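These are my notebook entries on a structure that I went through one region at a time. I wrote down what I looked up and what I found.

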Amino acid sequence: MESSKTIIYYTSNREKPDFEERVKENILKVSMGLPIISISQKPINFGRNYCVGDVGASGFNMFRQVQIACQIATSDFIISAECDCLYPPDYFTFTPEKLDVCYRDSNLYVMPDMRDFYFSKKEGATHAQIVGRKFYLDTLNKLFDGAQKWMPEEKNFPKERWKQEDVFPHVEHYHTENPVFQIKTHKGMRYFTHSDRTPIQSIPYWGDGRKAREFYLHGRLI
Amino acid sequence: MKNVMVYVNPKKDFDRESRFLVKFQIDNSFQLGWKEDDILLLTNFPYEYGGIKATIVSNKNYCDFRPLSVKTITVANSKLDDCWVHDIDAFQLEPFDVDLKGYDLGCTDYGWSTKWCLGSYFYTKRAKDILEKIRDTIYEIHNEDERALVHLTSKGLFTDRIKKLNITYNMGMRNIEENYKQAEKPLRVVHFHPTRAGLFDKFKPILNDRILKLFRNYGIE
């Protein structure tokens, strides 16, 4: 038997509800029965749900939600899932060797707001990673040491507090056969994201950006 | 009725899990009384186990952007008699003889969603045009077979030819407790990855002694 994994789905419930529904439905379909813990700011029907209340959208609060989910989970690994991201089936099948490393998927794209093409984001991101649960929890416990419970003002946690760009100073990359992609909307926590700015019209699995955007964001098949 | 499984892969071989699953499926099918001639394994490479020789199909059935829809595309491209079509991780628990009562195709939903699920379905020769339309729609909308079928039926197409079957014919990995309550007993088909951590334990309480013994023979308990 392989190591156990839990999907942690975190959301501040700022996206359009029907868009989030399609994101969640995609996860349910392709994640092959992996347990899901959802941690949200409004109650949602998705896996085991824990609602923290409307504490505001910020990096600090997002990681606080993740910290709570890591405390609830019991699996060896935590797989990240965010409310504006589309995941292919193979994202959920990768199991790393080491429990004390953050593994990020380098097959990652972002679709900018109001655009129907993709940008590549090879460095990976928090929303496409798998991390040993205890390691993730220990790391967050240290970063939150002495902090108050919720901080909607700290958008770029842990930067403001620790002068540190990333929760994990060291990450390793893996590469799924099919990419993960994130649809940026102005409702998300961050409007801008670092990526290569060369427009890509079509990516494996998800295909043409216009079709993917119409379907996942607006529910229209064209 | 035939028992149809499909495995088309550009590597022309089973992956590790599928190599075990296909053997398990063949053994399971024999235990349930299926005859050699009624078990149809469609692959794009030669394979034989337990007297079942794979029927070779074209590599063109592979769909690189939706590998999980390969089964439906292959069925659409094949000439099949009435059959039960299922994923190789959808396991029959009890013998069944499904009467579609004049409908051409019988499918379940997910239980947690009323949308079509195509992991285990009953096909008649009359449904060939439906499968072909699903296949064409997969390419048109660049999405999966189930989404294609939802797209078609939401436009009113084929709705009078597809029978929604009870979830007993495809108990999936989500919403197990609730789906089990809704399922006709004895349970007919369970659909899960027995080697994935935690899943076998989730399904164990609803499996019958026969299949539990077969899993034990394969080292899963």
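This is a predicted model: local features need pLDDT of at least 70, side-chain atom pairs count only at pLDDT 80 or more; totals for chains, interfaces and linings use all residues.

Entry, the interface. I looked up how the two chains meet, and found 18 residues of chain B in contact with 18 residues of chain A. I then sorted the side of chain B that touches chain A by class, which gave eight nonpolar, seven polar and three charged residues.

Entry, a sheet in chain A. I traced four strands of chain A that form an open sheet with mixed pairing, in the order β5-β11-β7-β8. Its edge strands are β5 (85–86) and β8 (119–120) of chain A, each of which pairs on one side only.

Entry, A:I39. I located A:I39 in strand β2 (residues 36–40) of chain A. I count A:I39 as buried because 25 other C-beta atoms lie within 10 Å, where the cut-off for burial is 20 or more. Leaving aside neighbours within four places in sequence, I listed the contacts of A:I39 as A:I8, A:Y10, A:Y50, A:V52, A:Q65, A:I68 and A:A69. For one of these, A:Q65, I also noted the separation from A:I39, which is 26 residues in sequence and 6.2 Å in space, C-alpha to C-alpha.

Entry, strands in chain B. I found that β1 (residues 2–7) and β6 (residues 83–86) of chain B pair in the parallel sense over four bridges, with B:M5 opposite B:H86 of β6(B). β6(B) also pairs with β9(B), in the antiparallel sense and over four bridges, and there the bridge partner of B:C83 is B:Y123 of β9(B).

Entry, helix α4 of chain B. I looked up the buried residues of α4 (residues 145–154) of chain B and found B:D145, B:E146, B:R147, B:A148 and B:L149. Their cover includes α2 (70–76), β9 (116–123) and α3 (128–141) of chain B. Just after α4(B), I noted that B:G156 takes a positive phi of about 90°.

Note on methods. Residues are numbered from 1 along each chain as its sequence is written. Chains are lettered from A and ligands numbered from 1 in the order in which they are written. Two strands pair if DSSP finds at least two bridges between them. Helices (H or I, at least four residues) and strands (E, at least two) are DSSP runs, numbered from the N terminus. A residue is buried if 20 or more other C-beta atoms lie within 10 Å of its own, exposed if 12 or fewer, and partly exposed in between; C-beta atoms are placed from the backbone. Two residues are in contact if their C-beta atoms, placed from the backbone, lie within 7 Å. Ala, Val, Leu, Ile, Met, Phe, Trp, Tyr, Cys and Pro count as nonpolar, Asp, Glu, Lys and Arg as charged, and the others, Gly among them, as polar.
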